[in-house]
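Biologist: Show me the model, please. I want to ask how you back up the words you use for it.

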Amino acid sequence: MQNVQTNADSILQSAKTVFDIESRSIALLTERIGDEFVESVNTMLACSGRVIVTGIGKSGLIGKKVAATLSSTGTPAFFLHPADASHGDLGMVTQTDVVLCLSKSGNTDEISAIVPVLKKLGVVIITMTGNLRSALAERSDIVLDVGVENEACPNDLAPTASTSAMLAMGDALAVALVKQRNFNREDFAFLHPGGSVGKQFIKIDEIMFTNDFIPVVHDDADLRQVVLEMSTKRFGGTCVVDKNGVCVGIITDGDLRRLWVRDMDIKQSRARDIMHPSPKTVSVGTLARTAFEIMSQHNIMQIIVVNAQNRPVGMVHLHDLLESGIGKL
């Protein structure tokens with residue numbers, strides 16, 4: 001049991017050492033960024049093409065993540081493997097692009113092989129490296145220093161602290177670009193339509209039924225017209241409007257069922273006598289999740305979407321929101 005405990009202490013201490021070394025390496029970056037970082041951000045902002053990220057090995061893996069982060073936050077980017085670039089994929093790079101190279105040593109053969117072609121194209125080359133005296137650093141237009149004192153690896157070999165520093169620098173570039181572009185939450189959601197983030201910002205306009213699909217009757221409609229409209233449109237309810245087309249009420253299946261226990265002449269009844277006045281509505285542009293919350297709170301199955309004049313322009317059933325994944329947020 002003593003050996004097991006000793007082993008556990010050693011394992012935990014090893015992890016704490018890694019955290020300490022890597023966090024220190026990232027913290028030191030704050031002392032190194034300056035004009036080069038600002039120039040990098042401004043160059044990417046001014047780029048009318050894409051940011052082409054390249055690197056090999058562990059640096060390449062970090063490069064893929066950096067490219068993905070840039071793309072998802074408003075800066076068009078993609079990862080280009082330097083070996084593939086040497087065998088034809090350089091055709092993906094145009095004069096309007098910016099190239100971001102990641103190399104710990106700055107002497108990566110595969111990247112060095114494509115630099116002459118990139119220079120001929122006239123693209124701006126930004127390099128992240130830990131070796132400011134390397135051939136790659138000297139041939140780049142902008143150099144970002146991501147050097148570390150030592151790796152977290154006990155043999156000081158496996159890229160650990162150095163890749164953490166590269167990743168942090170890439171994130172810093174992406175976040176700075178987000179702020180400069182005023183890239184907001186809805187912009188982010190637009191680029192993530194398949195995830196829960198995107199669903200949070202789906203507007204009711206994108207789900208609602210419009211035009212002839214909206215069940216609508218005038219307030220003087222008789223019971224036959226009401227039932228026919230509800231049966232045809234299959235929403236389990238219908239909007240009621242006045243002579244100006246303004247929404248004044250809603251009639252649901254439940255309202256029709258309750259008619260049979262009310263002391264009134266059904267044959268002489270009009271929509272205004274049956275309807276529920278002041279129905280729950282949402283405006284055009286309302287978030288779908290907001291509509292879902294209103295429907296859940298008031299235990300209703302459909303909601304009317306109205307314009308600025310309070311005229312019905314759409315209707316949504318609870319099932320439509322559930323099928324769109326809104327109810328799972």
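Predicted model: local features only at pLDDT ≥ 70, side-chain atom pairs only at ≥ 80, totals over all residues.

Biologist: What makes up the chain, in helices and strands?

Modeller: The chain has 14 helices and 12 strands.

Biologist: How much of the chain counts as buried?

Modeller: Of the 329 residues, 43% count as buried. The chain exposes about 17700 Å², and carbon and sulfur atoms supply 52% of that area.

Biologist: Let's take one residue. Why is Cys247 called buried?

Modeller: Buried means under 20% relative accessible area. Cys247 has 6%, so Cys247 is buried.

Biologist: Where is Cys247, and what does Cys247 touch?

Modeller: Cys247 is in strand β8, residues 247-252. Leaving out residues up to four places away in sequence, Cys247 touches Val240, Val241, Pro279, Ile304, Val306, Asn310, Arg311 and Pro312. Take Asn310 from that list. Cys247 and Asn310 are 63 residues apart in sequence, yet 6.0 Å apart in space, C-alpha to C-alpha.

Biologist: Now the aromatic rings. How many aromatic pairs are there?

Modeller: The count comes to two aromatic pairs.

Biologist: Why is the pair of Phe209 and Phe235 called edge-to-face?

Modeller: Check the distance, then the angle. Ring centres must lie within 6.5 Å to pair, and planes over 60 degrees apart count as edge-to-face. The centres of Phe209 and Phe235 are 5.4 Å apart and the planes are at 85°, so this pair is edge-to-face.

Biologist: Why do you say that the pair ties together parts of the chain?

Modeller: Look at the two loops. Phe209 lies in the loop between α9 (196-199) and β6 (216-218). Phe235 lies in the loop between α10 (223-233) and β7 (237-241). The pair therefore ties together parts that are 26 residues apart in sequence.

Biologist: Which residues form the aromatic cluster?

Modeller: Phe209, Phe213 and Phe235 form one aromatic cluster.

Methods. Residues numbered from 1 in each chain as written. Heavy atoms only, no water. Helix = DSSP H or I, 4+ residues; strand = E, 2+ residues; numbered from the N terminus. Buried < 20%, exposed > 50% of the residue type's maximum accessible area, 1.4 Å probe, protein only. Areas by Shrake-Rupley, 256 points an atom, 1.4 Å probe, with all protein chains shown as cover. Phe/Tyr/Trp six-rings, centres within 6.5 Å; stacked < 30°, edge-to-face > 60°. Contact = heavy atoms within 4.5 Å.
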